Amino acid sequence: MESRKNAKETRERLRQNELKRNPGGSARDEFDKSAGNGNVTDIAGNMGWKGMVLLILVLILGYVIYQFFFS
């Protein structure tokens, strides 16, 4: 648990440093993420493995229900 906390702190510190050095670039990154051009690894990295498994199961279940009603 401590290593995950350290990794998040390191990521946040790097993000803050990048914001100080290049404010325009980080604004562009945030715009791209909000426009749907974000990276899948960003989502997976923030969610954890349990969240990813749950997301995959929900997607599969949604597909099965869709096939059941619309086929």
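Biologist: Is Arg15 buried, partly exposed or exposed?

Modeller: Arg15 counts as partly exposed, at 42% relative accessibility, where buried means under 20% relative accessible area, exposed over 50%, and partly exposed in between (1.4 Å probe, protein chains only). Please keep in mind that this is a predicted model, in which local features need pLDDT of at least 70 and side-chain atom pairs count only at pLDDT 80 or more, while totals for chains, interfaces and linings use all residues. Residues are numbered from 1 along each chain as its sequence is written, and side-chain values use heavy atoms, with hydrogens and water left out.

Biologist: Which residue does Arg15 form a salt bridge with?

Modeller: Its partner is Glu12, with the closest N and O atoms 2.9 Å apart; a salt bridge here is a side-chain nitrogen of Lys or Arg within 4 Å of a carboxyl oxygen of Asp or Glu. Both residues lie in helix α1 (residues 2–21), three residues apart, which is about one turn of the helix. Glu12 is partly exposed as well, with a relative accessible area of 37%.

Biologist: How many salt bridges does the structure hold?

Modeller: The structure holds one salt bridge.

Biologist: OK, the overall fold then. How many helices and strands are there?

Modeller: There are three helices and zero strands, in the pattern α-α-α along the sequence; helices (H or I, at least four residues) and strands (E, at least two) are DSSP runs, numbered from the N terminus. Of the 71 residues in the protein, 4% are buried.

Biologist: And where is confidence lowest?

Modeller: Confidence is lowest in helix α2 (residues 23–37), at a mean of 61, and highest in helix α3 (residues 40–70), at 84. The score is pLDDT, the predictor's confidence in each residue, from 0 to 100, and for the protein its mean is 77, with 61% of residues reaching 70 or more. Where pLDDT is low, the predicted coordinates should not be read in detail.

Biologist: Switching to aromatics: how many aromatic pairs does the structure hold?

Modeller: It holds two aromatic pairs. The rings of Tyr66 and Phe70 have centres 5.1 Å apart and planes at 40°, so that pair is tilted; rings of Phe, Tyr and Trp (its six-membered ring) pair if their centres lie within 6.5 Å, and planes under 30 degrees apart count as stacked, over 60 as edge-to-face and the rest as tilted. Tyr66 and Phe70 are four residues apart in helix α3, about one helical turn, and Tyr66 is partly exposed at 47% relative accessibility, whereas Phe70 is exposed at 64%. The rings of Phe68 and Phe69 have centres 5.3 Å apart and planes at 75°, so this pair is edge-to-face.

Biologist: Which residues make the nonpolar surface patch?

Modeller: The patch, of about 1200 Å², is made by Ile56, Ile60, Leu61, Tyr63, Val64, Ile65, Tyr66, Phe68, Phe69 and Phe70. One of them, Ile65, is found in helix α3 and is partly exposed at 41%, while Phe68 is exposed at 65% and Phe69 is exposed at 60%.

Terms used
Patch = residues over 30% accessible without salt bridge, like charges linked within 9 Å, V, L, I, M, F, W, Y side chains within 5 Å. Areas by Shrake-Rupley, 256 points an atom, 1.4 Å probe, with all protein chains shown as cover.
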